[in-house]
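Here are a few notes to go with your first look at this one. Have the viewer open while you read.

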Amino acid sequence: ERLLSSYLNKCQDESRRNEEGHCEPNIIFRDRLMNHREGTDAIEPLLEDIEDNNKQLFAAYLDIMPLKWNLHVTPQAFACDLYRNIHQYNFVGKMDSQFMMDIDRMASHFGGGELAVALNKAFDYQRLVQKDGSKHVNFGTHSADGTRAPKKVNKFYTAQTVRKALEYMSIDYVLLGLSVPSWAKQMLREDYM
């Protein structure tokens, strides 16, 4: 879901993709005119024929993404050097159904105060935890500011792109003890039937 969320936020909207330049490599994902204006040699538009197909464009993104890793999609194990340093972290949170509770736990663990205020400003977790402390909220599904990627997986993923995403992120799944989402397991099962 993290790869899809990044794609939705950085790549899906063509005007945002061209304006921000965070859907990399830009030479492929940005408009030829935009590349030309910035002095980048324009290449033939590789994505022109698939612009309006969500699954094909997302698959192209996953195929091309490793040419220039962006911090929005780099496995956390690499970005945080977890393979060597995970033992130095005091807290590892997961953006899953426990996320808001993890944020609350982290704020309490590290003294509340300004950290709790900053986290609440970013995630509005206090309202959700107080509203129903026993209910678990998936951040990506219910966030007013988020991409709601968990609700869109069937619109963008195929069994092939699930495999590719798991290959890219396997180190995070192993080091952080993440579970493969049930929708991904189901998509892979159906592909073998």
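1. Start with the residues around the largest cavity: its lining is made up of Ser-6, Lys-10, Cys-11, His-22, Cys-23, Glu-24, Tyr-61, Met-65, Lys-68, Asn-70, His-72 and Val-73. Sorted by class, that lining comes to five nonpolar, four polar and three charged residues. Keep in mind that this is a predicted model.

2. How many cavities of 30 Å³ or more does a search of the whole structure find? The search turns up one. As for the largest cavity, its volume is about 60 Å³.

3. Now for the aromatic rings, where the count is eight pairs. Take Tyr-7 and Phe-58: the ring centres sit 5.2 Å apart with the planes at 65 degrees, and over 60 counts as edge-to-face, so that is what this pair is. The two residues come from distant parts of the chain, with Tyr-7 in helix α1 (residues 2-10) and Phe-58 in helix α5 (residues 54-64), 51 residues apart. Both Tyr-7 and Phe-58 are buried.

4. Tyr-61 is buried, as is Tyr-7.

Definitions and conventions. Residues are numbered from 1 along each chain as its sequence is written. This is a predicted model: local features need pLDDT of at least 70, side-chain atom pairs count only at pLDDT 80 or more; totals for chains, interfaces and linings use all residues. Side-chain values use heavy atoms; hydrogens and water are left out. Rings of Phe, Tyr and Trp (its six-membered ring) pair if their centres lie within 6.5 Å; planes under 30 degrees apart count as stacked, over 60 as edge-to-face and the rest as tilted. Helices (H or I, at least four residues) and strands (E, at least two) are DSSP runs, numbered from the N terminus. Buried means under 20% relative accessible area, exposed over 50%, partly exposed in between (1.4 Å probe, protein chains only). On a 1 Å grid over the protein atoms alone, a cavity is a set of points where a 1.4 Å probe fits but cannot get out, and a pocket is an open set with protein on both sides within 12 Å along at least five of seven lines; lining residues have an atom within 4 Å of a point. Grid points are joined across faces, edges and corners, and a volume is the space filled by probe spheres set on the points. Ala, Val, Leu, Ile, Met, Phe, Trp, Tyr, Cys and Pro count as nonpolar, Asp, Glu, Lys and Arg as charged, and the others, Gly among them, as polar.
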